[in-house]
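Reader: I have a structure to look at and would like to learn how to read it. Please take me through it one feature at a time.

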Amino acid sequence: MAPPSQRRPGFSRRAQYGFFLGYVVAIGGVLVSLLLVIAAIADPQGFSALRGAALDLTSPVTSGGRSTIGFFTGGADSIGSYFNAASQNTELKRQLKASRQRVIEARAIEFDNRRLKALLKLTRETPDEIVTARIVGSTWDASRRLGTLSAGGSDGVRNGQPVRAPEGLIGRVIETGRLASRVLLITDGASSVPVQLVRDGTPALATGRGDGTIELKTIEVGESPFKKGDIVVTSGVGGIYPPRVPVAIVISAGRDVTIARPLADPARIDYAIVQHVYEPAAAQPINASEAARLGDGQ
Amino acid sequence: MSRIALTSRDMAMKQVRRRYVPVGSTVAAIMIVLLPVVLNAPLIPDFGYLFLVAWRLLRPEMWTARTALPLGFLSDLVSGHPVGLSMALWTMTFLILDFIESRAVFRDYWLDWLLASLLILFYTAGSWFVARLMGSQAAFGVLWPQIALSILFYPVVARIVVALDRWRLTR
């Protein structure tokens with residue numbers, strides 16, 4: 001059955017012009033929005049004031065509800081623990097015994113480390129924390145993995161700063177409002193973190209795949225050094241992320257592709273720590289005159 | 001039933017309901033993203049878009065193509081897309097539907113679902129492409145679960161929209 005066309009403006013000239021004008025506005029709007037998208041691709045910081053304000057306005061909704069969610073998931077967990085108490089107890093006792101030995105070993109290593117560092121007179125910038133906040137939400141849409149952090153410019157958060165949890169690296173700040181900010185998670189396709197293998201220090205790049213996992217790519221060509229269960233930590237190369245922050249654990253090591261899972265799951269962690277950029281010079285854009293000077297020198 | 005029994009205030013309320021329920025419910029659907037849920041993988045459909053398409057297919061005479069511009073702008077701001085992405089894609093959706101409707105010989109439930117599925121694919125692919133231009137390396141393959149779920153969710157959203165429409169028009 002053909003539906004009757006209800007969009008026909010009739011025979012009035014005026015109505016027809018109005019109808020036509022509607023399309024002109026719509027098509028013009030599409031073109032303008034496409035220009036805006038192109039501007040956003042060229043300069044992701046565009047509209048930062050507007051976007052920051054939107055982030056501030058919406059963050060109370062998000063952070064208010066987060067505690068409720070935590071209450072429910074936490075409740076389910078504690079009921080589970082109640083039923084598993086006995087078996088968990090023996091398991092934990094065994095683990096405690098094992099880890100006590102480890103602690104002693106670690107203490108010895110730590111002492112050794114301190115002594116060696118003192119010998120080398122190593123001065124390392126300590127990446128002190130700026131603020132501790134909560135990850136209160138994330139994007140739901142298809143291709144980006146961005147988290148919302150409940151701290152913003154008023155707490156000292158700036159674009160580019162690394163965000164971590166006690167368990168491991170979360171990502172870095174890409175957008176700030178006064179009260180909230182957006183974090184590019186390490187699982188996002190645009191995130192790339194220089195890492196090294198804990199076992200032997202092999203350098204690699206950890207790139208997000210957009211589906212909650214991370215792909216590890218070695219810098220040198222050759223046999224993949226990764227094995228299932230390997231842990232990678234940040235290497236500090238690039239100067240943004242501080243070194244030795246745990247990043248991910250390898251879950252499948254194929255011939256070509258190595259997939260890892262982030263150690264800090266933004267959906268489960270309670271608190272995230274925003275830190276200073278490890279080497280502040282790395283976050284600065286290259287000075288134009290400096291660049292020209294370098295160019296002349298060569 | 002009878003209008004005579006209603007006060008002028010009731011009538012005004014009914015007018016507001018008639019006029020603003022479609023836009024209001026779409027805005028509410030856009031705001032669903034603000035729920036405090038952290039997702040590691042793309043899975044949950046963009047309800048704002050589903051509501052918009054469902055309303056548009058149900059009541060073509062109510063929407064002009066340019067209505068999608070401010071709604072898309074809101075969606076961009078709330079869900080952290082680059083500004084202009086939803087504005088462009090949503091308005092293009094309306095223009096595509098206008099074009100199809102001017103040519104369609106018949107319409108039924110299944111055809112609506114098919115149209116909605118194609119539009120969901122168009123919207124997801126469009127935002128994936130822009131993310132790609134912005135430096136994301138994510139493969140298109142990771143989006144299939146979300147696309148499938150969106151397509152399966154469309155009939156549910158369409159039911160909700162029909163119920164809202166019925167409530168909107170009750171006397």
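**Reading the two chains**

Author: Chain B has 171 residues, and 42% of them count as buried. Here a residue is buried if 20 or more other C-beta atoms, placed from the backbone, lie within 10 Å of its own, exposed if 12 or fewer do, and partly exposed in between. The model is predicted, so local features need pLDDT of at least 70 and side-chain atom pairs count only at pLDDT 80 or more, while totals for chains, interfaces and linings use all residues. Residues are numbered from 1 along each chain as its sequence is written, and chains are lettered from A in the order in which they are written.

Reader: How many helices and strands are there in chain B?

Author: Helices (H or I, at least four residues) and strands (E, at least two) are DSSP runs, numbered from the N terminus. Chain B has six helices and zero strands. Its C-alpha atoms fill a box of roughly 65 × 40 × 25 Å along the principal axes. Chain A, by comparison, has five helices and 13 strands, and of its 298 residues 35% count as buried.

Reader: How is the packing of two helices described?

Author: Two packed helices are described by the angle between their axes and the distance between the axes. The axes are lines fitted to C-alpha atoms over the stretch in contact, and angles run from 0 to 180 degrees between N-to-C directions. In chain B, helix α2 (residues 47-58) and helix α5 (residues 109-133) pack at an angle of about 145 degrees, with axes 11 Å apart. Tyr49(B), Val53(B) and Leu57(B) of α2(B) meet Asp112(B), Leu115(B), Ala116(B), Leu119(B) and Tyr123(B) of α5(B). Contact means that C-beta atoms, placed from the backbone, lie within 7 Å.

Reader: What covers the buried residues of α5(B)?

Author: The cover includes α1 of chain A together with α2, α4 (85-103) and α6 (144-169) of chain B. Among the buried residues of α5(B) are Leu115(B), Leu119(B), Tyr123(B) and Trp128(B). The helix has 25 residues and reaches 36 Å from its first C-alpha to its last, close to the 36 Å expected at 1.5 Å a residue; the expected span is 1.5 Å times one less than the number of residues. After α5(B) comes Gly135(B), with a positive phi near 105 degrees.

Reader: Why does Val161(B) count as buried?

Author: Val161(B) counts as buried because it has 25 C-beta neighbours inside 10 Å. This residue lies in helix α6 of chain B. Not counting residues up to four places away in sequence, Val161(B) touches Phe51(B), Ala54(B), Trp55(B) and Leu58(B). Val161(B) and Leu58(B) are 103 residues apart in sequence, yet 8.2 Å apart in space, C-alpha to C-alpha.

Reader: Which residues touch the most other members of the largest nonpolar core?

Author: A nonpolar core is a set of buried Ala, Val, Leu, Ile, Met, Phe, Trp, Tyr and Cys residues joined through C-beta atoms within 7 Å. The largest core has 94 residues, and those touching the most other members are Ile170(A), Ala206(A), Val232(A), Val247(A), Phe51(B) and Ala54(B). The largest share, nine residues, comes from α2(B).

Key. Two residues are in contact if their C-beta atoms, placed from the backbone, lie within 7 Å.
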